[in-house]
Number of protein chains: 2
Amino acid sequence: MRELKIVENIRKIAGNPGKGVCVGIGDDSAVLKYDKNKYMLWASDMLIEDVHFNVKKDGYERVGRKAVAVNISDIAAMGGTPKYITVSIGIPANKRSESIVRALYKGLKGLCRKYDVKIVGGDTNRSEKLIIDVSIIGFVSKKHLVTRSGAKEGDIVLITGPVKDGKKTHLDFDPRIEESGSLVRGHKIHSMIDVSDGIAPDLGRICDLSGVGARVLADSIPLSKGLSLKDALHYGESFELLFTMSASAAKKLIKNSVSRGEKNRYYSIGEITRKKDGLRLVDGKGRSTVLKMEGFSHI
Amino acid sequence: MRELKIVENIRKIAGNPGKGVCVGIGDDSAVLKYDKNKYMLWASDMLIEDVHFNVKKDGYERVGRKAVAVNISDIAAMGGTPKYITVSIGIPANKRSESIVRALYKGLKGLCRKYDVKIVGGDTNRSEKLIIDVSIIGFVSKKHLVTRSGAKEGDIVLITGPVKDGKKTHLDFDPRIEESGSLVRGHKIHSMIDVSDGIAPDLGRICDLSGVGARVLADSIPLSKGLSLKDALHYGESFELLFTMSASAAKKLIKNSVSRGEKNRYYSIGEITRKKDGLRLVDGKGRSTVLKMEGFSHI
């Protein structure tokens, strides 16, 4: 997969980021030292016309909204709280420029207001195709930080809700900030990622960085109406949180959420295995096959 | 000028950034509270193929270099030290993707090494046109922070070196980090900006945000070989620092730099006047005309 190879190359070129950086390239956010109790989280995510959206069909406001949502989701995946963004945009230079900016920012601002995120800077340029790159800063208590690299053999793999059909919902999803906060404050989460590219590649990333394997039970993956198992595994843009925790903690989490009437909130979909077992899918009859890390390709 | 109007609109939409933010949209970097002694600086600057560079003529490595240089320049303009970047790129998805990434990062990494800046994250996407958006974090001692909004009537306007011909040098310029550090540590600088769009619009920004006017002496503007006065005023991409300080401090600065053999390092090019006097250009015969804020247009 070209993207994985490119990211791996970038990580090599970038080199050791030094002692102020706890987590560098390769996780949902970079983790920087901040103060005695907190880490600072920092991520950037770019959306490009005709790659990530179709502006005629989707409209500027929803594109602006999504540009913030994907970045907030990166902070949620680390257990953090989003705080500030900068916004770099490229838009056509013509008499419609001002109304395009207004519509984009209406979407941006709407979601920022919901999550108390402040817009503090950015850059405006002309471009044939619409481009919007948001950079986000958030914070997380040291004791609540979760990365992609902490999964342990025997962990249960869970997801925050039925996998949505990203093709239909990718512009309007709500990042799982509330769920993330509730998870890291009340439970010991070993690893977490947001499902941007599909369960297979995103769980594969957890496995790669944690040095483990995983077995996914096909029948246990909760699917939103009309979604195929294949798209849940390999398409992505669902933005649910995929996370792992010990079997006893997972049991407690699910029991508690049921007793609080939150029955459908967390779903166990598999377990973490040894590295040498790789990433596998088990069907309803117990047949196990290799699960390829293919997913939504950014490049 | 469309860009100024758009940025003003964005500032209105973004609203009050709250008490953690000392300077929001409208300066070279956002200024965030950090600790007892330091502020955190944060900026983002996007470069787009065929708007900011021609990749066939310029080459990927130099484009990568420039993407970092313009961001480091934003930190220099606040008196700060650059520390970390994230890099979002859009590149054509084909068999050359990997070699393009390598060349871009060679340029990025080269300049990062020179200024001890670490690459800590980013995002890679496919795009017909090459896009590179760098987000940078730096730090500045509270007592050394300089913004665009501190110019005072009677201040001298200075520049860090002969205005370069941005059309020729914009890919290879060295951001004025060393000069910035020396200025803020040794002198009381009232306001500062990097000349990205031309002396006229950039000094105009200082005037707007400081609530003052300015008079520029045409004959005193140091020009690199072959550069026209018009391009120095209205083209930009020179990336020298333009700054203001009291007349007595300016005298001392220039005297000291001469005695240290740094004769050509700082040039006085005019003075800050009252707001109602506006932005004016004075020619060799003492004739004063209105200086329009027109410059390199990003949109």
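Predicted model: local features only at pLDDT ≥ 70, side-chain atom pairs only at ≥ 80, totals over all residues.
1. Residues are numbered from 1 along each chain as its sequence is written, chains are lettered from A in the order in which they are written, and side-chain values use heavy atoms, with hydrogens and water left out.

2. On symmetry, chain A superposes on chain B by a rotation of 180 degrees with 0.0 Å of shift along the axis, at an RMSD of 0.0 Å. The two copies are therefore related as by a two-fold rotation axis. The same surface serves both, since 100% of the contact residues of chain A recur in chain B.

3. Next, the area. About 5300 Å² is buried between chain A and chain B, and carbon and sulfur atoms give 63% of this; buried area is the accessible area (1.4 Å probe) that two parts lose on being put together, summed over both.

4. Polar links also cross between the chains. There are 15 residue pairs in polar contact between chain A and chain B, both residues being at pLDDT 80 or more (a pair of N or O atoms within 3.5 Å; within protein, one must be able to donate a hydrogen and the other to accept it, and residues adjacent in sequence count only if both atoms are side-chain atoms). Helices (H or I, at least four residues) and strands (E, at least two) are DSSP runs, numbered from the N terminus.

5. Do look at A:Glu98, which sits in helix α4 (residues 97-114) of chain A. Leaving aside neighbours within four places in sequence, A:Glu98 is in contact with B:Lys5, B:Ile6 and B:Asn9. A:Glu98 is partly exposed, at a relative accessible area of 21% (buried is under 20%, exposed over 50%, partly exposed in between; 1.4 Å probe, protein chains only).

6. Salt bridges (a side-chain nitrogen of Lys or Arg within 4 Å of a carboxyl oxygen of Asp or Glu) number 4 between chain A and chain B. One of these joins A:Glu128 to B:Lys129, at 3.6 Å from N to O. B:Lys129 also meets B:Asp50 in a salt bridge, at 2.7 Å. That pair links distant parts of chain B, 79 residues apart: B:Lys129 is in the loop between β5 and β6, B:Asp50 in the loop between β3 and α2 (55-58). B:Lys129 is partly exposed at 29%, as is B:Asp50 at 46%.

7. Elsewhere in chain B, B:Asp172 forms a salt bridge with B:Arg62, with the closest N and O atoms 2.6 Å apart. The two are 110 residues apart, B:Asp172 lying in the loop between α5 (166-169) and α6 (177-186), and B:Arg62 in helix α3 (residues 60-76).

8. Finally, A:Lys164, A:Arg176, A:Glu178, A:Glu179, A:Glu240 and A:Arg265 are linked in a network of salt bridges. Over all chains, the count comes to 52 salt bridges.

Conventions: Contact = heavy atoms within 4.5 Å. Least-squares fit on C-alpha atoms with pLDDT ≥ 70 in both.
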